[in-house]
Amino acid sequence: MLEARNLWKRYGDKVVLERISVSVQEGEFVTLVGTSGCGKSTFLKLLLGTETASEGQLLLDGQPVRDEPDSDRGIVFQQYSVFPHMTVLDNVMAARAFARRGLTGYLFGQARREAQGAAMELLHKVGLGHALKLYPHQLSGGMRQRLAIAQALLAKPRILLLDEPFGALDPGIRADMHQLVLELWQSHQLTVFMVTHDLKEGFYLGTRLWVFDKLRHDPQAPDAYGAGITYDLPVGKSDRQTLQAIQADLKEPQHDIQN
Amino acid sequence: MKRLLNLQPSRFSRVLLGLLPLALILLVYLVASDLRLAANPDDKLLPSLAQMGDAISRMALEPNRRTGEYIFWVDTFSSLQRLLLGVLIAASLGLVIGLLTGSLPLFGAGFSPLLTILSLIPPLALLPVLFIVFGLGELSKVALIAIGITPFIARDIQRRAQEIPVEQLIKAQTLGANTLQVMIRVLLPQLMPRLLDAVRLSLGAGWLFLIAAEAIASTDGLGYRIFLVRRYMAMDVIIPYVAWITLLAFVLDQLLAWFSRRLYPWHGKGGV
């Protein structure tokens, strides 16, 4: 469903991504890992439409992806992903309100009751059934991310993008969140792209792992070459040795030059 | 003994410490007033509390012999009406301008430089222009207050709108929101408590413009009265009037703060 054809991204002279050609089937769970500044987040922004490619094409069902965010692609950021002025229930109901072509984004009458029902069902599923009337600042970090995921899911996106969604969470809570994301991915038949810092997370969660790293390196001009996808692995079939090989790759000192 | 740095007042002593300077100032005034009045019973500079009480009860509790009005309350009503009308107009204009320029880059590019220049014009310098254009009636005074604080509110709201994390705007768009929906459901509600903050901050300037306009051309109002009785060195009227204005300003400020806490409990609770 999604295809990148010789994708490049430059900021001025600095090449961030180069020669990216991949295709992804519906229902895959792709995790993107790499050192910071390696371009994995830039790739996610290209998918989201907040950045456009300098060269090449990014196609969704054969059409170039829209160059602004829309309801085809849902997103969960590490923070600021929910609306602080709405209660938990309102946050999720807003997804329904925004989906209608209204002028104000508020719901009334029948549509409001329907949205409320759908939102409450989903909130119970993600374990926030007891917190409907709370505001986001009253939630813990993990609950907030559950809310952000529920909100994104109610809009029924074709692709769900997760930008280091669990980076700020404790390890125990993170494990719970992995469980939740896997469940939702299966029950909603989503295509997921998840950027993560944590290689292990990328290795065991999802069906496919992309490692972003520089293919070529010029010590005199560290920005001259961008990153490509150095590993593209089906996760189910990979083993511990591959994990260690990638770990070693990403730890090479030459990569520390990057921002 | 703990270091001074780490000593915290208890709840009770905090109130006491807060009242202490006020009590001291009052005490110094009373002593000075007593000394002057003992030396010269006709002294007008530092009237005693009783003299001030007499003057105010004359103005607030007895109808004026010529007009039959209770001057103190007429003054208060006129001034508050002008101030609140001016501030309301400024807040509405400021919110709309700030929201548009802060959320729509095209609008911002078009109007931000103009807004910056307008905000640099000293409003009091425009007062003669307002008197010429709008005449000496209510309109010119309300216009001065509105013109004086609109640029401040507009620029503050613009900056607050730009401070709202872009992630929220992107998130709303991925849920299907169009421009108007983002502005009305994501930006506007989050700007309302900030508007109340901006209004609180601009009330001081609002009072300044009000009193200036009333001093120059008016027939009633708190500012008018102070400047009128100055001719007779009537400190027994001026001091209570200034205290009354201060009290009104304090109550307005606290009222706005209370509204903000009450209506927007999520405000100022950190980024989420």
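How many residues does the contact take from chain A, and how many from chain B?

Modeller: This is a predicted model, in which local features need pLDDT of at least 70 and side-chain atom pairs count only at pLDDT 80 or more, while totals for chains, interfaces and linings use all residues. Residues are numbered from 1 along each chain as its sequence is written, chains are lettered from A and ligands numbered from 1 in the order in which they are written, and side-chain values use heavy atoms, with hydrogens and water left out.

The contact (heavy atoms within 4.5 Å) draws 39 residues from chain A and 24 residues from chain B. Together the chains bury about 2,900 Å², 66% of it on carbon and sulfur atoms; buried area is the accessible area (1.4 Å probe) that two parts lose on being put together, summed over both. Within chain A, the residues that lose the most area to chain B are Tyr80(A), His85(A) and Phe98(A), which together account for 25% of what that side buries.

As to polar links, seven residue pairs are in polar contact between chain A and chain B, both residues at pLDDT 80 or more. A polar contact is a pair of N or O atoms within 3.5 Å; within protein, one must be able to donate a hydrogen and the other to accept it, and residues adjacent in sequence count only if both atoms are side-chain atoms. Zero salt bridges are found across this interface, the rule being a side-chain nitrogen of Lys or Arg within 4 Å of a carboxyl oxygen of Asp or Glu.
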